[in-house]
Structure formats: C-alpha cells, structure tokens
Amino acid sequence: MASDFYLPKPLIEELLPHLTVCQLDELQPALNLKGISTYSGWIRILEDMCGCAADRTPDFLTEEAAKHEVMRALFTVVFNGFTNTFVNRNITNLNTPSFLQAAAKCIKHFLLFTGMHKPLQSLTAEQRPLLNLLEQCIRSVGVSQSADLSKKKTQTALYVLHRLLDHGVAKELVVHVKCPLMLAWLLHGRGSQYVNRKLKKLMHSKRANRVSQAVSTSADEASCSPGLETLDTQDDEATPCKRLRLDSVCVEEAGSGTDLTVDPQVICRAFTPCAGPPAEACPWGKIEHLEIRQCGSDSLTVLNSALLTFFCLRSLTLHSTSTFSVSDVLGLAGALKQLSGSSHSSLTDLSVSVLPNIELMDVLLDTNHSLTSLSVEFQTDLWEQRLSLRPPLLDKSAELALEKLTVKVAQVQTDVTFITSVLRRCPHLTSLHVAGMRLPTGSSQSQLLTTLSESNPCLRSLTLEDLNLSDCLPEIIHLLRGCKLEELQFNDCRLLEKWFDKQQSLQQLVCALKTVSTLHTLSMAQNRLAKSVCVLAELFSGSSPSSVNRLDISSNFIQAAELLDFSEALRTHCPPQRLTLDLRKNPGDRDPNTWNTALRRLRPLCVLLVEGWKSTNTMADHISNM
C-alpha cells in the first residue's frame, strides 16, 4: 500500500499518470491519507480514452468526478464485451473480475442491454458476486433494448432487472426503448403495493386491455396475500395485493414443453440457488424516479394506468421522438390529476417533451399544484392545434409551489405573457431556464426580466438561452442590483448586438455583476464578445472583486491576440480564487503561437477548458462575426 511507501510526495505525484485504473483505485485511499490527490492520474486516463490533445482538459473538476467518469465508461464497455482503442491497449488490466468489482463500487447507473445474453448470464453464474455488489451500489437502471418476453433468453435479463429493482437499492428507472410490453412488465407492482377501486375499474376497461393482449391487467387475476380480503374502501384508500402475474406471457423451455411464467418471483426461484431464500421472500421494489424515452401513445396508455396508484413516484420524465398529440397530453394530465388527488401521492417533479402547444403548460400545472419542478419543451406554430377540448382551468391567480422551471420553445412566435403569468404565481422559484422564445416584431424580452425583478426574489439560478436581449440592458442591470443569484447564464442572447458603445455598455454590465456578492458561475457563451472580452477581466478589479469562480466565454470568436490581451488584464486584476475558464470553440488555430502564449499566462490563475478548433469547419460562424 502507498502508506508503506516512503517516496517523496513530488515523486509520487509524478508517477500517478503512469498507473493503471486498478492501481489508482487501490492506492487512492492511502494516497488521500497522505494528502495526495489522484486527480492527475484519472485525468490522464480520461485524456487517453478520449484521444485528447495535451492542451484539452476534460470538464471534470474533482478527483471523484474524474474517477466516476472513468469507471462508468469502462464498466459498460468491458462488461458487455465491447471494445475500443483504449480497452484494446489495456485489456490485460481491464478484463478481470477485480476491475469489474472496483468499477461496480463506483458507478451508480447500470445500463442493461437485453440482447447481450452472455454477460448477463455470467451474473447468474461465475459473476454472481458482482451481481450482489451491483445490488448494493446501483441507484439507477437503464433498459436500452426491447425484449421479446416469449424468448427463453429474455429470462436472464428479466432476472437481473428483478434483482436490481426489487432486491437492490435502485429507485430510478430509465427506459430507452419504445416497447409498451416491456414497460408494462417493468412497472407492474413496482410503483405501489396497492390497488384501489379506480384502478380496478380501469383494469376492466377496454382501454387498458387494448395495450397488448399479451399483458393481462384484470384485477381478478391478482392473488391477494393470505388472510387479506378485498375491502370496500374510499377512492384514496388501498388494499395490499401481490404483484399481478403476466400469466398469458410464457416461455417454452427447450425440450421440456413446460411453461415458465415471467412473474419476477418465479424467475427468481428459477435462478436462485437451493440455499437461497424462497421466492415468496422477494421484496417489492419501488420506483421513485421514472424516465421514459421514445414515449409514444401505447407507452402513455400503460403509464396512465400505472399512475393512478403510483404513490411512491417522485419524479417523472417523458421524452417523445415526435411531438405528443393534444389528446395524449390531456390523457396524461387526467391521470396525473387523479394521482395528485390522493393523499398518498409523492410526485413533485415533472418533465415532458415535446408538447404541441404552449397552453398545455397551464394544463400540466393545474394537474398538481404541489409540483416543485416542471420542465416542458414546445415545438409548433403559435396558431396550430389550438385547444378546443381543454378542461376548465383552475384559478390562474392561485400560488404555485414551483421552485424550478425550465421552458424551451421552438416556435415562430410566442407571446411572452404565457410565461410571465406563471412566474407571477411562483414566489418560491429558485431556478429558471428559458430557451428559444421568439417574440412578435416590436416586442421585447424586457417584460420577462421586469417580472423576474418584481415576482421572484428567491431566484438563485437563471439561464436565458437563444433569446434576443440586445435591447434589455437597463432591465438586466435593474435585475442584478436587487438579486441573490448564484448562477447566471446569458447564452446566445445577442447581448452586444444593439449596443452603440459596446465597451462602455459591457462595463456597465460588469459593474452590476460585481454587486451580486453571491454569484459564483457566469456564462456569456456565444455572444460575439470578440475584442470586448478584455472588459470581463474587470470583474476582479477594485476593492470588492466579483466572487465568480467559473466563467464561460466559449463560442465568442475570441482570437489569439484578444485572448492574450485578456490574459494580461486578468494578471493585472487577479481573481481572488482560482478561476475555471471555459475557452472552448474559439479560433485558437488562427495564430497558435500567440494562443498558446496566452494559455501559458492564464494557467497559473485558471483551470482552462479548451479544445481544438478547425476554422475550415466553422466558416459560417466566422462570416457572421465579420
């Protein structure tokens, strides 16, 4: 162990980039006790994995973050038998049980490829200790391929899912595939141990049965626990029941002619050694965070049925590869409203994309006034798909519990009042992200900024992206004078576009930013700062320098001479703490010698995030900045 070594600290630090993944992992605890970080070793591996040049630093700022990224990337590749250049060069150090065990202790997300039978089968045989370890460490499970539940090989994947979701500590499920049948199997019984009268009625309905004839959702097929009888309960009361068996979905055992149900407990009995616990002892897993990608109408039908008693669900994220239909969203809203009507509901975070109409944000908000986080994305023309069948909305003046709101809009034109009316109902809002909102000709985003100043005093994080703020400098300064922001991002906001004196106006903005004592993260990415970038160094001038420790000036067409001037200005106004400076996507290749000189002068003051630039691939950006 490193604690037994009597090497000088500088020599140990020099040796770190030459250690293997397993060596770094084994030595890290002892080295940390000596006050030595293994960060440089993990970064060297990341650079080797990514093929990074020496002047390109991956954006992982701590030892643990860099280590987690190494283990996450390599575990997926090595466990599933994939390969790449790095793995090929280091196969003798990576293709070992010791590496997989070490990586499993670090990772929190397990991505399961249902078609990769051999590595999954190993978890039921020689790699069973690894499965036991994954049960203890994995917090999130991803399903990346659809599976034919009639195939015997699928049983192995279902068993691993059962172990992680029901026996393990995983509370998050990410479904990457559009497969309603697999989704039905994944959600069955894991959302809640309870079935109420509303769900029973829905299970008997034709709507529930049309999802797939292979899935039996009849409440009559539920086998209640011994000694329990179905009670005549109120709508929000519940009766404990066992998981519904998917009896109609069976697999034919090769040569035996017998059926093996896909009920997880029966699968567990088939794979559990004789000395293991009986199948009846299987615990019930509860999914608290659910994300469904490629979510279509059939998947929504399955989900809506489960939502009625999905009491343990805390966050729900739905992505569609195409725009949801209005009827799909209204159906989802109806299920969410019934869920929120129960005192057992835990849902506070909701994310849905892509929605066909901005009016649907109000519909989703009114399904649950207890939501603390909402993320929505819209993609349609303003005048298309007007809501004619929308149910009556509740009082729009009612206060909302929202603390985090993300709104992304891809429309020709949007009326800003659709979001300002919501902001006025959110006095507890701490985080806001607005992107892509286009206003009619003659309108200004100043109304958005004014509303934030007047109605959202608790705001700590503000991200405005792809908005035209070129005429909003007074409103921006007014907002900054009275806020307590910790993170502020103006990305692609055309800030300097209409400023007559760009240097002087930017200095006014800098002076306002310096008054925000809580601000630690500032992004001015993609605003065509170019020659004006030097003014930003004045953030750290005077007797009260800014507390910003992370500055993003990427994609600003900053050329080598301008970066050199910025480096000199920053050396004059030295930041009070080491600054993380993002310089990516700036044309350093136009004058590499001057660019590298500027980087050398910045390194004592900054952690630099840089990457290569190919001017031939970015001529359009060059022309737009001429």
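These legends go with a handful of close-up views of a predicted model.

Because this is a prediction, local features need pLDDT of at least 70 and side-chain atom pairs count only at pLDDT 80 or more, while totals for chains, interfaces and linings use all residues. Residues are numbered from 1 along each chain as its sequence is written, and side-chain values use heavy atoms, with hydrogens and water left out.

**View 1. Helix H11, a helix under cover.** Helices here are DSSP runs of H or I with at least four residues, strands are runs of E with at least two, and both are numbered from the N terminus. H11 spans residues 180-187, and eight of its eight residues are buried. Buried means under 20% relative accessible area, exposed means over 50%, and partly exposed is in between (1.4 Å probe, protein chains only). Look for Trp 185 and Met 182, two of the buried residues. The buried residues pack against several elements, including helix H10 (154-167) and strand S3 (172-175). Just after H11, Gly 189 takes a positive phi of about 80°.

**View 2. Helix H22 and its neighbours.** H22 has 13 residues (560-572) and reaches 19 Å from its first C-alpha to its last, close to the 18 Å expected. That expected span is 1.5 Å times one less than the number of residues. Among its buried residues are Glu 562 and Phe 566. The buried residues of H22 pack against strands S17 (550-552), S18 (579-582) and S19 (606-609), plus helix H23 (592-602).

View 3. Is Val 533 buried or exposed? Val 533 counts as buried because its relative accessible area is 1%. Leaving out residues up to four places away in sequence, Val 533 touches Ile 553, Ile 558, Glu 562 and Phe 566; contact means heavy atoms within 4.5 Å. Val 533 and Phe 557 are 24 residues apart in sequence and 9.9 Å apart in space, C-alpha to C-alpha.

View 4. Leu 11 is found in helix H1 (residues 9-15), and is partly exposed at 35% relative accessible area.
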